[in-house]
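Here is a short briefing on selected local features of one protein model. Have the sequence and the structure open as you read.

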Amino acid sequence: MANSARKLNIGSLPYLTVYYAGCRKLRLPTPRKRGLRGEHERGLSGFENLAFSFFAAFSSPGESGKQCAVRHEDLKRFFHAGSATVNYALKNLIAADMIEQDKTDRRETKYRVKIKINKEKYIYIDSENMLNRGLEVNGTFYHLTRHEILVYSHIMTACLNPDGEEVFRGSYNKIANTLGMSASSAGKCVRKLINIKAVECTLSGLNNDVESEYKLNPDLLQIGKAKRELWEEDRRERKTRREQRKPEYLKRIEAQDQEAARQSELARRREKAERHANFYMMKLSRDSKYQLINSRLKELEIEIAKAEVFRPNDVAALVKEYEDLRQELDKRMSKIGITRQMLTPQWHCRKCKDTGWRLSDHKICDCYKPPTRWNQ
């Protein structure tokens with residue numbers, strides 16, 4: 001059992017991925033002093049979510065070989081918290097059946113997560129900043145609290161996203177809801193980061209609900225990009241080594257799973273585009289005047305086709321009537337608030353029309369990108 005646990009080495013973890021999910025609830029036994037029995041539910045606090053994500057970075061649910069072996073002193077040092085705070089968070093996570101621990105070793109305790117992780121909201125915490133309890137800006141070291149490091153990491157994650165604009169947009173309330181703190185605490189942390197020039201505010205909101213725009217210090221942004229590139233390169237090398245050791249049947253299964261995920265995403269895109277087009281078509285079908293004009297246009301199309309063969313002299317009059325009705329139909333549609341473009345599916349990719357196959361060169365379209373750690 002001792003050899004199956006993964007040894008904690010903070011130095012080998014440049015970034016700690018912290019997943020935040022506001023919908024997650026803790027089911028805890030009701031304290032005896034309240035005079036009640038049973039269980040009660042409450043939201044996961046910011047520190048409890050931070051501790052849970054710390055264990056999730058070193059372990060996986062359902063795998064006995066994926067455990068996090070750590071000393072209690074290392075937890076206190078990394079989280080910048082006291083014994084009571086760490087013990088309270090661990091006790092609640094164990095009581096809620098989110099993690100389990102094994103104390104067979106006297107020197108270390110082994111932890112493993114027991115539930116799947118919701119990856120909707122996440123941030124990357126620079127382990128060096130968390131361990132040093134501060135940040136170096138323009139050659140000066142500034143001491144930061146845990147909340148200030150979390151807010152800085154939240155802004156840094158958005159700015160380092162390769163698919164983003166190197167800008168973080170959000171309000172104090174949005175930051176507070178994501179990180180599990182109050183809006184006033186989030187505001188104080190943001191102002192502290194602006195004062196030490198770690199973050200620049202390019203567009204300021206009027207209150208806690210209005211979004212502002214923030215950018216990282218250019219020097220910190222370059223350092224973060226360089227560290228991220230090294231991290232991604234190391235991850236690619238480790239992934240290559242894992243692929244080389246993987247049996248062939250597992251590779252075939254993973255390829256089938258990836259193709260199934262690709263087809264599922266393309267089907268979702270097609271269904272969404274067609275659903276929007278059908279919605280506007282149904283909206284027009286409820287208008288009686290539109291239906292009357294549209295039915296007359298269809299009749300005129302048949303009459304013009306017959307007149308071209310049997311009555312050529314009547315074609316000009318029928319075409320003029322057809323064009324007048326088309327203009328009247330466009331005016332009616334504009335009055336309802338619908339354009340002709342809305343009646344056709346607006347595909348996510350115009351090259352393949354969300355089929356995954358380009359008809360122009362008969363090749364697989366590259367519009368689908370599988371989710372990565374930076375675009376989930």
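**An exposed histidine**

His362 counts as exposed, because its relative accessibility is 54% and the cut-off for exposed is over 50%. Keep in mind that this is a predicted model. The points below cover backbone angles, a sheet with its helix, and a pocket.

- Most residues other than glycine have a negative phi.
- His362 is not a glycine, yet its phi is positive, at about 55°.
- His362 sits in the loop between strand E14 (357–358) and strand E15 (363–364).
- Asn138 also has a positive phi, near 55°, and is a residue other than glycine.
- The loop that holds Asn138 runs between strand E9 (134–137) and strand E10 (140–143).

**A sheet of three strands**

- Strands of a sheet pair through backbone hydrogen bonds, either parallel or antiparallel.
- Here, 3 strands make an open sheet, with antiparallel pairing and the order E11-E13-E12.
- Strand E11 (168–170) and strand E12 (199–203) are at the edges; each has a single partner strand, so one side of each lacks a neighbour in the sheet.
- From one strand to the next, the twist averages 30°.
- E12 pairs with strand E13 (residues 212–216) over 4 bridges, in the antiparallel sense.
- Within E13, Tyr214 is the bridge partner of Cys201.

**The helix across the sheet**

- Which helix lies across E11, E12 and E13? Helix H5 (residues 146–159) does.
- H5 runs at about 85° to E13.

**The second largest pocket**

- Rolling a probe the size of a water molecule over the atoms shows where empty space is left.
- The second largest pocket holds about 260 Å³ of space.
- Its lining has 15 residues.
- Asp126, Glu128, Asn129, Leu135 and Ile223 are the lining residues nearest the centre of the second largest pocket.
- Which elements each supply at least two residues of this lining? They are helix H4 (127–132), E9, H5 and helix H8 (218–245).
- H8 gives the largest share of the lining, 4 residues.
- By class, the lining of the second largest pocket has 7 nonpolar, 4 polar and 4 charged residues.

**Links between the topics**

- H5 lies across E11, E12 and E13, and H5 also supplies at least two residues of the lining of the second largest pocket.
- E9 supplies at least two residues of that lining as well, and the loop with Asn138 lies between E9 and E10.

Conventions:
Residues numbered from 1 in each chain as written. Predicted model: local features only at pLDDT ≥ 70, side-chain atom pairs only at ≥ 80, totals over all residues. Heavy atoms only, no water. Buried < 20%, exposed > 50% of the residue type's maximum accessible area, 1.4 Å probe, protein only. Pairing = 2+ DSSP bridges. Axes fitted to C-alpha atoms, helices over the stretch in contact; angles between N-to-C directions. Contact = heavy atoms within 4.5 Å. 1 Å grid on protein atoms, 1.4 Å probe; cavity = no way out; pocket = protein on both sides within 12 Å on 5 of 7 lines; lining within 4 Å. Points joined across faces, edges and corners; volume = space filled by probe spheres on them. Nonpolar A, V, L, I, M, F, W, Y, C, P; charged D, E, K, R; others polar.
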